[in-house]
Amino acid sequence: MFLQAMTAVAPKKRISPLSLPNILTYGRIAAVPVVVACLFWPDVIWVRWVAFATFALAAVTDYFDGYLARAWGQQSSLGRMLDPIADKLLVSACLLMLTATGTLTMANLAVWAAIVILCREILVSGLREFLAELRVSVPVTRLAKWKTTAQLVAIGFLLAGPAGERVLPGCTVIGLVLLWVSAVVTLYTGYDYFRSGVQHLLEERE
């Protein structure tokens with residue numbers, strides 16, 4: 001009985017903002033301006049490789065920050081807040097720059113896939129903010145994780161672009177196909193989140 005009481009009042013472990021999982025998340029955010037800067041010179045082959053390498057390294061941290069936080073018991077509110085923000089910043093910035101450089105165009109219709117992805121991210125962000133006021137958490141589904149993976153892989157191929165074509169012919173086409181696949185999955189997961197949000201809204205009115 002005494003041990004149970006002590007457990008109930010034991011303070012929560014304070015996680016340092018400079019824990020390794022959080023540092024990996026900070027690194028993913030820091031990678032955004034580097035990739036964007038590289039795409040100001042889209043026709044320079046070695047710059048394309050720098051953009052790809054930076055993005056690939058940032059994408060890998062998306063897995064390891066969450067894995068290490070769970071394995072080491074270093075999950076924190078700061079990490080939970082920044083992790084999805086880092087993902088959205090990285091994906092959104094890359095899609096905008098790929099559109100600006102002419103990789104995603106109206107001609108190949110890929111710009112519509114980018115629009116779908118960006119609109120979904122805005123919708124889900126607003127929905128999460130609304131549900132947070134109701135103290136309702138929206139867990140990330142396994143399908144949503146696969147969606148993020150497909151997006152990151154697609155953008156990786158597109159960032160390699162002309163440089164990647166020299167190593168793997170059809171690199172850009174592979175990226176465009178994967179982008180459309182992720183856009184379709186994005187539509188479904190966005191609808192799933194929206195349906196859940198509307199359900200909580202109707203329950204609140206009742």
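Glu121 forms a salt bridge with Lys88, with the closest N and O atoms 3.4 Å apart. A salt bridge here is a side-chain nitrogen of Lys or Arg within 4 Å of a carboxyl oxygen of Asp or Glu. The pair links distant parts of the chain: Glu121 sits in helix 5 and Lys88 in helix 4, 33 residues apart. This is a predicted model, in which local features need pLDDT of at least 70 and side-chain atom pairs count only at pLDDT 80 or more, while totals for chains, interfaces and linings use all residues. Residues are numbered from 1 along each chain as its sequence is written, and side-chain values use heavy atoms, with hydrogens and water left out.

**Salt bridges**

- A search of the whole structure finds 6 salt bridges.
- Side chains of opposite charge can pair when their charged atoms come close.
- Glu121 counts as buried because its relative accessibility is 8%. Buried means under 20% relative accessible area, exposed over 50%, and partly exposed in between (1.4 Å probe, protein chains only).
- Lys88 is at 22% relative accessibility, so Lys88 counts as partly exposed.
- Arg120 also forms a salt bridge with Glu121, the closest N and O atoms being 3.4 Å apart. Arg120 is buried, with a relative accessible area of 7%.
- Salt bridges that share partners join Arg28, Asp62, Asp83 and Asp87 into one network.
- Within that network, Asp87 pairs with Arg28, and their closest N and O atoms are 3.0 Å apart. Asp87 is in helix 4 and Arg28 in helix 2, 59 residues apart, so the pair links distant parts of the chain. Both Asp87 and Arg28 are buried.

**Helices and nonpolar cores**

- Helices (H or I, at least four residues) and strands (E, at least two) are DSSP runs, numbered from the N terminus.
- A nonpolar core is a set of buried Ala, Val, Leu, Ile, Met, Phe, Trp, Tyr and Cys residues joined through side-chain atoms within 4.5 Å.
- The largest nonpolar core has 30 residues. Those with the most contacts inside it are Val35, Phe55, Leu95, Leu104, Ile155, Leu159 and Leu179.
- At least two residues of this core come from each of helix 2 (20–38), helix 3 (45–71), helix 4 (77–100), helix 5 (110–133), helix 6 (142–167) and helix 7 (171–205).
- Helix 4 gives the most to this core, with 7 residues.
- A second, separate core has 5 residues, including Val124, Leu127, Leu131 and Ala144.
- Leu159 is in contact (heavy atoms within 4.5 Å) with Val35, Leu39, Arg48, Ala51, Phe55, Cys94 and Leu98, leaving aside its neighbours within four places in sequence.

**Thr186**

- Thr186 lies in helix 7 and counts as buried, at 0% relative accessibility.
- A polar atom of the Thr186 side chain lies 2.7 Å from the backbone oxygen of Ser182.
- Not counting residues up to four places away in sequence, Thr186 touches Val116, Ile117, Arg120, Lys147 and Gln151.

**Aromatic pairs**

- The structure holds 2 aromatic pairs. Rings of Phe, Tyr and Trp (its six-membered ring) pair if their centres lie within 6.5 Å; planes under 30 degrees apart count as stacked, over 60 as edge-to-face and the rest as tilted.
- The rings of Trp49 and Phe52 have centres 5.9 Å apart and planes at 80°, so this pair is edge-to-face.
- Trp49 and Phe52 both lie in helix 3, 3 residues apart, about one turn of the helix.
- Trp49 is partly exposed at 34% relative accessibility, and Phe52 is partly exposed with a relative accessible area of 29%.

**Backbone at Leu109**

- Leu109 has a positive phi of about 65° although it is not a glycine.
- Most residues other than glycine have a negative phi.
- Leu109 is found in the loop between helix 4 and helix 5. Leu109 is partly exposed, with a relative accessible area of 46%.

**Confidence**

- The chain averages a pLDDT of 82, and 84% of the residues score at least 70. pLDDT is the predictor's confidence in each residue, from 0 to 100.
- Among the elements of the chain, helix 2 has the highest mean pLDDT (90) and helix 1 (residues 2–9) the lowest (42).
- Over residues 1–11 pLDDT stays under 50, and the model has 0 contacts beyond four places in sequence for them.
- Where pLDDT is low, the predicted coordinates should not be read in detail.

Conventions: A polar contact is a pair of N or O atoms within 3.5 Å; within protein, one must be able to donate a hydrogen and the other to accept it, and residues adjacent in sequence count only if both atoms are side-chain atoms.
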